[in-house]
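Please examine the sequence and the structure before reading each solution.

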Amino acid sequence: MRFSQALINTVREVPADAEIISHQLMLRTGMIKKLAAGIYSYLPLGYRVIRKIERIIRQEMDLAGAQEVYLPVLCPSEIWQESGRWSLYGPELMRLKDRHQREFCLGPTHEEVITDLVRREVRSYRQLPVNLYQIQTKFRDEIRPRFGLMRGREFIMKDAYSFDVDEEGAEISYIKMKETYQNIFSRCGLKFKMVEADTGAIGGSFSHEFMVLAESGEDLIAGCQKCDYGSNIEKAECLAQKGEFSSDAGLWKERESVSTPNLTAVKEVASFLGVNPEQLVKTLFVQADQEIVAVLIRGDYELNEVKLKNLLGAAEITMADKETIETVTGGSMGFSGPVGLKNVRLLADYSVKNLVNFVTGANLKDTHLINVNWERDCPVPAFADLRIVQEGDVCPRCGTALSITRGIEVGHIFKLGTKYSKALKACYLDREGEEKVIVMGCYGIGVGRTMAAAIEQNHDKDGIIWPMPIAPYQVLVLPTDVTDKEIRDTADFIYGQLLAVGIETIIDDRDERPGIKFKDADLLGIPLRITIGRKSLNQGLVEIRIRESGETIRVPKDKYQEKVQELIHKLSNIYIMKLI
C-alpha cells in the first residue's frame, strides 16, 4: 500500500472526548471514526488489525476442533423468554418490534440462539461433543458508552459454545478452550493473566477471565506470584478468620454510648474515639430483591456486592435508601449499628468475627457505641466472605501475600452446565435410548477490545508500538526525499521486493518533510521502518529501525531483505518466549 493512496488521516491533537490512550491513538491514527455514542466505523488501517486478530482466533479455534457458524443478529423474543432472560437481562438488551408488532432483540450474546439450533440438529450422543463458534457484531445498550472500543454499544465478538453428554466431557471442553485462549493471546503478542471470575448475567457454575495487563485497565486483579493464583477482584477469596467469635466475658468491657456529633466517616469516628479503623464495624443495609439485609464489615474494608449477591442468590441488590434505613433502625442514617435491630437478617464478613470491644453506630443521631461484643449486645450473625480483597491479603491457595494489579478483560470462558439446555429442552438420546440434557460451555473474546488492549499495553509518548503478529503492516518504507530520483527509485524497488516475498509493507511516498514522516511513523507504530536517505545511500546503506526498542540497524542495501525477514521472525515470537 502507498501512503499517498491510503485512507490514513493522522492528527497531532488529542481528541477532547477520548479519555484513555487507546481511544486517543486510534482516533489520531485514523483507525476508527465515531458515528454515535459507543458506535464506531473501522477504517482500513484499524480493520487490518481486526482481521489479523480474527485470523489468529479462527486458526486456533479450528485447531481445537471447533466449527464456525454465523447466527442471526435479530433474535425473536420467544427463545429469550424460554430461558427467562427476556425480563432478567435488563435495559442493556436492545429490543424492537417488527411491522407485525412481534418482539425481537439485537443479540448481545447468543446462548439462546445456539441452544435452539442444537436442539433442532442434535438427536444422539453420537453427534456429541460439538463446539460451534462465530465472529459477529453484538449489541448492548450501555448506559454510558466510553473508552472507545472498550465499552461500546456495538462491538465485534467471537463467541463459542460447547455441547457435551456429561460434566466430565464439559470439563474436557473447558480445559481445551482455556489452552486455546492462552494460545490466541500469546500469538497476538500480549502479556496477559487468566483469572477466576464471577459468571454475571451469562450464568453457569464457574468462569475464567483473560486479562491483558495494563496500568490503565479498569479491572483489578488479585494475583499470587508463588502459585499463579489469579482472580478478578469481584471473585477473589478472603480467607475465614480462624477460631470462633470471642465469647469470653472476662475480656468484655462495659458498653457505652458516646456522642459523635456529625461524624459518620470511619476515619473521622476512629480519630475522635482514639481507636483504629479496624476496631469499627460498619452496618450497611442492602435491598436484595424484596428483602432488606444488614451487612456488617470491618471499618477499613469495603463490601463486595457480587459476593453478597451470590450468597443471597438474589437477582438484584442495591444499597438501601435513607428512608428505608431510618425505618429499619429507628434512627439516623450514618449512625446505624446491629444493637437492637429487629426483623432484619444479619450477615457479617469474616473480618469482624473475632473482634472484641468494637465500635458501632447506636441507631441514634450523632451517637456511637463503644465496647460492643457479640452475643452479649447483639445476636451472633451468619459469617461469610463478603469483602473486597486488598493488597497483602493472604493467597487462598498457598498463603503467600497477594498483589493487586490492573487489567483489561479481553476474553471470558464459562461452565454453563445445563442452565440453557434445560430451559430450552436441548436433549439427546444416550446409548440406552434415554433422554438426557446436554451440558454446555460458553467462550467469548472481544475482538475490538483486544485491539484496544494491545495499544494500552504497547505505546509510548510518540504513539503505538504494535506487536508484530497483529500490526496493520509489518514494514514501513520511508524515503526521506521523493524528489530525489535515486532515493525514490531505491525505495520503490525495496517496497516491490518486500511485497514479492509476502511481507506486508506500506511505503510513505508523500512529498512531505522527513520530520513529518518520522512523526507519523512513530504514531502509527509499524514494527519495522526502513529509511532511505541521501547520506546512507551514498554509503550504499539503508537504515532499519525497530519501533519497540528504538534500535537502528544500518545494513548494505542489497542485504536489507535478509535482515528484515530475520527481525520479523524474531519479533513475531518474542512475546510468546517472554510468556513461557
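**Exercise 1.** Determine which residues of helix 5 are buried.

*Solution.* This is a predicted model, in which local features need pLDDT of at least 70, side-chain atom pairs count only at pLDDT 80 or more, and totals for chains, interfaces and linings use all residues. Residues are numbered from 1 along each chain as its sequence is written, and side-chain values use heavy atoms, with hydrogens and water left out.

Step 1. Helices are DSSP runs of H or I with at least four residues, strands are runs of E with at least two, and both are numbered from the N terminus. Buried means under 20% relative accessible area, exposed over 50%, and partly exposed in between (1.4 Å probe, protein chains only).

Step 2. The buried residues of helix 5 are E111, E112, V113, I114, T115, D116, V118 and R119.

Step 3. Helix 5 spans residues 111-121; because eight of its eleven residues are buried, the helix is largely enclosed by the rest of the structure.

**Exercise 2.** State where A249 lies and whether A249 is buried, partly exposed or exposed.

*Solution.* Step 1. A249 belongs to the loop that joins strand 12 (230-232) to strand 13 (256-259).

Step 1. Its relative accessibility is 49%, so A249 counts as partly exposed.

Step 2. V356 is 107 residues from A249 along the chain, and their C-alpha atoms are separated by 10.0 Å.

**Exercise 3.** Describe the confidence of the model.

*Solution.* Step 1. The mean pLDDT (the predictor's confidence in each residue, from 0 to 100) of the protein chain is 93, and 96% of its residues reach 70 or more.

Step 1. Residues 576-580 have pLDDT below 50. Where pLDDT is low, the predicted coordinates should not be read in detail.

Methods. Contact = heavy atoms within 4.5 Å.
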